Amino acid sequence: MEYLNMYEKEIQSSDLTMSPPTSEPERQYYYIKKAREIVAAKKKELNRDLTCHITTFGCQMNARDSEKLLGVLENIGYVNVEEEDADIIIFNTCTVRENANQRLYGHLGQLKNYKKKHPNTIIGICGCMMQEEDAVKTITTKHKHVNILFGTHNLYKFAEILCNSFDSDGVIVDVWKAAEGIVEDLPVDRKYSFKSGVNISFGCNNFCSYCIVPYVRGRERSREPKAILREIERLCEDGVTEVMLLGQNVNSYGKDLDNPMTFAELLDEVEKIEGLRRIRFMTSHPKDLSDELIEVMARSKKICKHFHLPLQSGSSRILKDMNRRYDKERYLSLVEKLRKAIPDIAITTDIIVGYPGETEEDFLETMDVVERVKYDSAFTFIYSKRTGTPAASNPEQVDEAVVKDRFDRLLAKVQKYSKEQAAKHVSEVTEVLVENVNEQDDSLVSGRMSNNSIVHFPGDKSLIGKYVDVKLVECKGFYYIGEVDGNIR
Ligand code: 5AD
Ligand code: SF4
């Protein structure tokens, strides 16, 4: 892929007879070149390709980070494979909920045998979980077959960390407590040729009382608008037509820049990029959702008709304790404003059930918001106690059976409304960006509507990356079955 080799000239001009440069990204170009030589020699020795596999947990941010890791791996000569039995196996971890940690440890236990049979395999673990001292300690003491551990702040140093690991028999632990600026211009390999995530900011300043993210991703840092726009322009030149602007809280984008810029202003600039057809973003914090943003969305031709607006709880009392800095009324008024300005917008959300101290009344407030907003879809989570967050030390943890019961009631309501919302669009003709051939039935392709709903319809792989007008023939609850009705672009 062209995008992968965009920095070829810079990589080639690194001088391996010298010591590595101290500036970035030049230092990483040097290590990419060095790693290429090591990988090429190993390939020759084994007389076969070397393979890599990355397993990604968690959010879009992690998915994008994995594309960066894969960009480096492919650039130095590894071949990406679907199966886990590779020469280098990476786990990009998430730690937002407790059970993710346990699942990773279970999986690492299973890999012990594989590593015994294939001692040269490199096992690497990175991502949010590695920013927690306890997780690093557990892995380095109980899972000694892991070779590399690194965190979220030095992901850009992957080539360098790999080179260190090639030279070492022991485990390399390289986790930074905080970020040191943003490094641009490293290779990336996108999962899709026609759409891409684009980081606009890193970290989070909000400290919602239940959330570990500010501790593992650090303070909010916005990328310079110029760097973002240049990246999107290059992506578009490389065939991308849809971007997802990524940040923990995109609505507070740009406040920390030397020349502050609002998220709405950034969107206006992104809109102008030639070749770009769809703009999405994730995630918005209701406390920072401005009228300016709603106006920009209403007049935009490219911003998709979808707004993900995490509610977390419908109880103003719980929201206060969560440090969310909005209440039920303010949230509902934002939804009203969005619907008024953009009538056909889909609204989706995240909801936590069983936050410490949540009473039945609080829960009914959440149910009330769901009834009023009628979300197109909602991610519902059982509260998970994250050590180190303020909510974890709250003595009023809710009984497990009570939480389970509330969760089931909430899920039933959420599903009822999302089915109702989806059914409204049946028989409409809508533009769909085709993403892949359907996994269950290869006579169908699957794509997304502007409002993020999924449609399956008859077609073949030649449609991937194309925009097709599709008639929504049948609603199957969370997705549609459609048929081509009009243009293919
Ligand atoms: N327990 C349960 N859900 C959580 N989330 C974040 N932290 C926790 C936690 N400790 C949910 C929030 C957030 C989504 C990404 O994950 O709803 O919006
Ligand atoms: Fe976590 Fe709140 Fe930041 Fe979202 S805004 S990442 S929920 S602290």
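In the hairpin of S16 and S17, four residues sit between the strands, and asparagine 452 takes a positive phi near 80 degrees. Strands here are DSSP runs of E with at least two residues, helices are runs of H or I with at least four, and both are numbered from the N terminus. S16 (residues 444–449) and S17 (residues 454–458) run antiparallel and are joined by five bridges; two strands count as paired if DSSP finds at least two bridges between them. Leucine 444 stands opposite proline 458 in S17. S17 also pairs with strand S19 (residues 479–488), this time parallel and through three bridges, with isoleucine 454 bridged to tyrosine 479 in S19.

The model is a predicted one, so to speak of local features takes a pLDDT of at least 70 and side-chain atom pairs count only at pLDDT 80 or more, while totals for chains, interfaces and linings use all residues; side-chain values use heavy atoms, with hydrogens and water left out. Residues are numbered from 1 along each chain as its sequence is written, and chains are lettered from A and ligands numbered from 1 in the order in which they are written.

Elsewhere, an open sheet of three strands is ordered S7-S10-S11, with parallel pairing. S7 (195–199) and S11 (278–282) are the edge strands, each with a single partner, so one side of each has no neighbour in the sheet. From one strand to the next the twist averages 25 degrees. Five bridges hold S7 alongside S10 (residues 242–246), and lysine 195 has glutamate 242 in S10 as its bridge partner. Across S10 and S11 lies helix H9 (residues 263–271), running at about 155 degrees to S11. Such angles run from 0 to 180 degrees between N-to-C directions, with axes fitted to C-alpha atoms, for helices over the stretch in contact; contact means heavy atoms within 4.5 Å.

As for helix packing, H13 (residues 360–373) and H14 (residues 400–423) meet at an angle of about 10 degrees, their axes 10 Å apart. That makes the two helices roughly parallel (angles under 35 degrees). Among the residues in contact are Phe363, Leu364 and Met367 of H13 and Leu410, Val414 and Tyr417 of H14. The contact divides into seven nonpolar, one polar and five charged residues.

Ligand 2 is surrounded by residues including Cys204, Cys208, Cys211, Gln248, His285 and Arg324, where a residue is near a molecule if one of its heavy atoms lies within 4 Å of it. This shell splits into seven nonpolar, three polar and one charged.

Key:
Ala, Val, Leu, Ile, Met, Phe, Trp, Tyr, Cys and Pro count as nonpolar, Asp, Glu, Lys and Arg as charged, and the others, Gly among them, as polar. Angles under 35 degrees count as roughly parallel, over 145 as roughly antiparallel, 65 to 115 as roughly perpendicular and the rest as oblique.
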